[in-house]
Amino acid sequence: MIVKDPVLLHQWHPVMISNDLKANPKSVEVLGEKVVVFRTTKGIHAFKDLCIHRGVPLSLGTVVDDEIVCPYHGWTYNACGVCTRIPALPKNQAIPSKAKVTAYYCTEAYGLVWVSLTKPEQDIPLIGDEKLDDLALARVLMGPYDVEAAGPRVIENFLDVSHLMFVHEGLLGDTQYAEINDYRVHNENGILVTDEIDVYQPDPDGRGYPVISKYTYKVYSPLTVSLMKITEESNDFFKLFLIVLPVNEQKSIAFMIMERNYALDDDPQVFIDFQNTLLEQDKIIVENQKPELLPLDLQAELHLVCDRLSIAYRKMLRESGVTFGTA
């Protein structure tokens, strides 16, 4: 059953890496709704993953001549979701007008397949004002990462700078340098942006070099955020974008896009392996947090000055009307 969140229903959600969608249809879940995505020569498509005839998932079927064919009785649907062929139906009988499946909005951007269950607010998926097309930068797509937690919990963990010294000790932080300098959160044209936050990091990207990083976080939408790290006394910078698919209120899938202006010739797998390690460390925490849904009542938990961004994020969710994954 679709989670009828008044905000997230009208947004684009990443469902898989584009290169992972080949000739066969794939099943995904968005806000509790089972969806089949598939390719034709005319583009990429997304339907409700259910044949109207006997309720078999269309994702078990095949794509033939740019149409998706149900594996049970061969009912065939065109790119608009209209049934064009019923093998068992006598040739002199018309296909019933109700023989159609629900079609959803679907497109590709940033190396990902995106789906919206209703008319999206934006014609194409956007990550704030980011283009992610600078050829001078190294770019790595990472994921998918399955997390048994609601999307807002996953996002808030990413925005929580003070966990770096404990959950990622020896990599992104050191417990002997756990103090967080005071910072502010600003609203810049609907995007939450922090001041720079200084963090000592023994090994910030998997290459084994200790640095002092200056973090700047951005929140573009309820489930799309980023951080930028600038290395002190250097021109090196690193951007990491996190986009979370709200599978349902108990599960999320995270995708990440990394951009950097250094180590341009290094093997991307070094950075992917490092991020895989960090995600496994984060999952242990996020999958065991209570309550499972993110409390939007700021009186429900104790907050400190270092939690300014988490507080701002929760306020943004409440004010925008997000109900999914929140309490």
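Colleague: How many aromatic pairs does the structure hold, and how is such a pair read?

Modeller: In general, a pair of aromatic rings is described by the distance of the centres and the angle of the planes. Rings of Phe, Tyr and Trp, the last through its six-membered ring, pair if their centres lie within 6.5 Å, and planes under 30 degrees apart count as stacked, over 60 as edge-to-face and the rest as tilted. The structure holds six aromatic pairs. Please keep in mind that this is a predicted model, in which local features need pLDDT of at least 70 and side-chain atom pairs count only at pLDDT 80 or more, while totals for chains, interfaces and linings use all residues. Residues are numbered from 1 along each chain as its sequence is written, and side-chain values use heavy atoms, with hydrogens and water left out.

Colleague: Which kind of aromatic pair do F38 and F47 form, and are these two residues buried or exposed?

Modeller: F38 and F47 form an edge-to-face pair, with 5.1 Å from centre to centre and 70° between the planes. For accessibility, buried means under 20% relative accessible area, exposed over 50%, and partly exposed in between, with a 1.4 Å probe and protein chains only. F38 has 0% relative accessibility and so counts as buried, and F47, at 0%, counts as buried too.

Colleague: Why is the pair of Y177 and Y200 called tilted, and where do these residues lie?

Modeller: The ring centres of Y177 and Y200 are 5.1 Å apart and the planes stand at 55°, so the pair is tilted. To place the two residues, note that helices (H or I, at least four residues) and strands (E, at least two) are DSSP runs, numbered from the N terminus. The pair links distant parts of the chain, since Y177 is in the loop between helix 2 (164-167) and strand 12 (185-188), whereas Y200 is in strand 14 (residues 197-201), 23 residues apart. Y200 is partly exposed, with a relative accessible area of 29%. Elsewhere, ring pairs link F158, Y215 and Y217 into a cluster.

Colleague: Which residues make the contact between helix 1 and helix 4?

Modeller: Contact means heavy atoms within 4.5 Å. On helix 1 the contact is made by P152, R153, I155, E156 and L159, and on helix 4 by L309, S310, Y313, R314 and L317. By class, this contact has six nonpolar, one polar and three charged residues, where Ala, Val, Leu, Ile, Met, Phe, Trp, Tyr, Cys and Pro count as nonpolar, Asp, Glu, Lys and Arg as charged, and the others, Gly among them, as polar.

Colleague: How many residues of helix 1 are buried, and where does H163 lie?

Modeller: Helix 1 is mostly covered, with nine of its nine residues buried. H163 lies in the loop between helix 1 and helix 2 and is buried, with a relative accessible area of 12%. Leaving aside neighbours within four places in sequence, H163 is in contact with N157, H168 and D282.

Colleague: Which peptide bonds are cis, and which residues have a positive phi?

Modeller: Most residues other than glycine have a negative phi, and most peptide bonds are trans. Among the cis cases here is the bond from G143 to P144, with omega near 0°, and P144 lies in strand 11 (residues 138-147). Another is the bond from K290 to P291, with omega near -10°; P291 is found in the loop between helix 3 (268-286) and helix 4. As for phi, D66 has a positive value of about 70° although it is not a glycine, and D66 lies in the loop between strand 5 (62-64) and strand 6 (67-69). N189 has a positive phi of about 55°, again without being a glycine. N189 lies in the loop between strand 12 and strand 13 (191-194) and is exposed, with a relative accessible area of 83%.
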